[in-house]
Number of protein chains: 2
Amino acid sequence: MISLNTDICRLLGIEYPIIQAGMAGGPTTAELVAEVSDAGGLGTLGAAYLAPEKLREDILEIRKRTNKPFAVNLFAPVPKDDFSRIDEVKQALQPIYKELAIEEQNAEYRSPDHGEELFRICLEMNVPIISTAFGSLPPEHMASAKAQGVTVITMATTVGEALEAQGKGADAIVAQGSEAGGHRGSFSFDRHPMGAQVGLMALLPQVADAVDVPVIAAGGIADGRGLVAALVQVGTRFVAAKESGAHKAYKQAIFDSDEESTVVTKSFSGRPARGIKNRFIEQFESMGTQPLSFPSHNTVTKEIRGAAAKAGNPEFMSLWAGQATGAMTQEEGAAEIVSSMMDQARALLR
Amino acid sequence: MISLNTDICRLLGIEYPIIQAGMAGGPTTAELVAEVSDAGGLGTLGAAYLAPEKLREDILEIRKRTNKPFAVNLFAPVPKDDFSRIDEVKQALQPIYKELAIEEQNAEYRSPDHGEELFRICLEMNVPIISTAFGSLPPEHMASAKAQGVTVITMATTVGEALEAQGKGADAIVAQGSEAGGHRGSFSFDRHPMGAQVGLMALLPQVADAVDVPVIAAGGIADGRGLVAALVQVGTRFVAAKESGAHKAYKQAIFDSDEESTVVTKSFSGRPARGIKNRFIEQFESMGTQPLSFPSHNTVTKEIRGAAAKAGNPEFMSLWAGQATGAMTQEEGAAEIVSSMMDQARALLR
């Protein structure tokens, strides 16, 4: 039996030490989140890009489907726009606009700025667990969350970030190894411009030694073998779940990928993120143009990602994925993923 | 008790599933190798840069100190020189020659080319285990090794490389995660110019699923926690062992480093290798000059590394190290490292 992680399971009120990662931008439907929680893991709604009314709707829908705990994942602090270099970036994107037949709009770009409201809704609707990427909740948010008994989880990619997160009040730390898919949770870039890329096998024990709060392992984990050593957060395998809202072509790209397929790039969003290398990444990086900062660059590439999704063309979508995709070949139910991971871990420990 | 790896322990004739990595260029003294083997792990002589007479001497010395099995690590196939771009590289190195007061020599560079002889000596002296980096033993070497009952271990950094290594006769595969220190064992560079950088947590299960031979985990493992899941190969912690031949300043740099200190660079040897970032790496990479291929570039930088070693200046030495150095703060005996790793793993499994 798995017994190493009873403390953190108790802290989060879950049965199994499996957390579905809070992947913003589509995959984490209310159905996926509820299925994972109902199966005994912790479902997480990736809410950072949601409109406030959609967040309310999703929370209600999750509660309708399960009475188990779940988490909402936010960006913190809320990223601010900077479009000062927009002309240069649009210039670099011209060939792609042309190829995808996107009629360029001279409309003023502006990224949605609901971060503050999303956080308020979580408190108002008594979301039991809030997790964040890109840093800690700002002090006033942390204080209100704590006052209300919310459990706060902060993502870190280095020992230094983990210590800072603990100092700022995190109840648990997600240690995100370099294997992980999607955005790097990094928030210190002084030593490495793309954030530190420390593999989980090296990162996990060093973070665990440094902090006193429970540490959750993330990155490269897609089956029960990773579970043997740690409480884990699983991303990509849930992107490819039946209940995931990810585009069909995105799921297919995951099934077609292997351990070498991904790269860390800023070309889609302006922040380093791991995804399957496709023509967009190759083409943008070959231009030598620095992307805008996040979230502005993400807002600029939205038209392209949208047109690609509409056309079912994975070459210009952001195909966030980690390095553990080799065994993923078809959609599975989310509950099935949780139970098969547990079965495999139990068999290994027996 | 640790029981997952009895098969591979039996294959190698060792008591504990801990392999000391075959680190060429100084750290693996005969004393270190013998200590690790005598303590129940597998000591490995990093022989690739040794002169033939030194290899003979070291094998005799290891045998004098222990009757347990040990391995010799070689480069395979034997790398060949190419000095066609030597003038450009020397130009880039000028400021460093000046700073270290190296009087430039117009002598013809030539890398030692003993690979064939080193292999013959291993057979002649009945070395029980040969492990290789950079690829598989060439077919004729593989055949002679097998005919003599030698166990052959090949390092791989991707599933494709592991399958190729198995196809060419490897009895076991070292799966080297991106966390690992020193040279990447990569031998396929078509998809990634620096070799694939797949973290161990993602790489290990995918390699294990793909091949039928035992898989040894390498990269980011420096204590008993990594041991719980796998047969492991440990590098950096043994570089910093009392018995290691590594320079005092190199060991100190390891003690001073953390999980963010290293980068993968070709600037010292012409092949991608992970080491602590220092002024040499920064300065050479900022020149924008491509290094020569291996081993030629390694030969060219030898004067600089030699002068730095003589001066005790770690800024111009190659400080190969992995990402798991955070807990290393002082020299330990090699036998002590083996037994403390086993104690820790046992405690975790109890």
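In which loop of chain B is Pro77(B) found? Select it and look around: Pro77(B) sits in the loop between strand E3 (70-75) and helix H4 (86-99) of chain B. Helices (H or I, at least four residues) and strands (E, at least two) are DSSP runs, numbered from the N terminus. The bond joining Ala76(B) to Pro77(B) is a cis peptide bond, with omega about -10 degrees.

Before moving on, keep in mind that this is a predicted model, in which local features need pLDDT of at least 70, side-chain atom pairs count only at pLDDT 80 or more, and totals for chains, interfaces and linings use all residues. Residues are numbered from 1 along each chain as its sequence is written, with chains lettered from A and ligands numbered from 1 in the order in which they are written.

Next, pick Asn126(B), in the loop between helix H5 (115-124) and strand E4 (129-133) of chain B. Its phi is positive, near 55 degrees, and it isn't a glycine. Asn126(B) counts as exposed (12 or fewer other C-beta atoms, placed from the backbone, within 10 Å of its own), with 11 of them.

Now go to Phe134(B), in the loop between E4 and helix H6 (139-147) of chain B. Phe134(B) is another non-glycine with positive phi, about 80 degrees.

Hop over to chain A and select Pro295(A), in the loop between helix H12 (279-287) and helix H13 (296-300). The peptide bond from Phe294(A) to Pro295(A) is cis, with omega near 5 degrees.

Methods. Buried ≥ 20, exposed ≤ 12 C-beta atoms within 10 Å, placed from the backbone.
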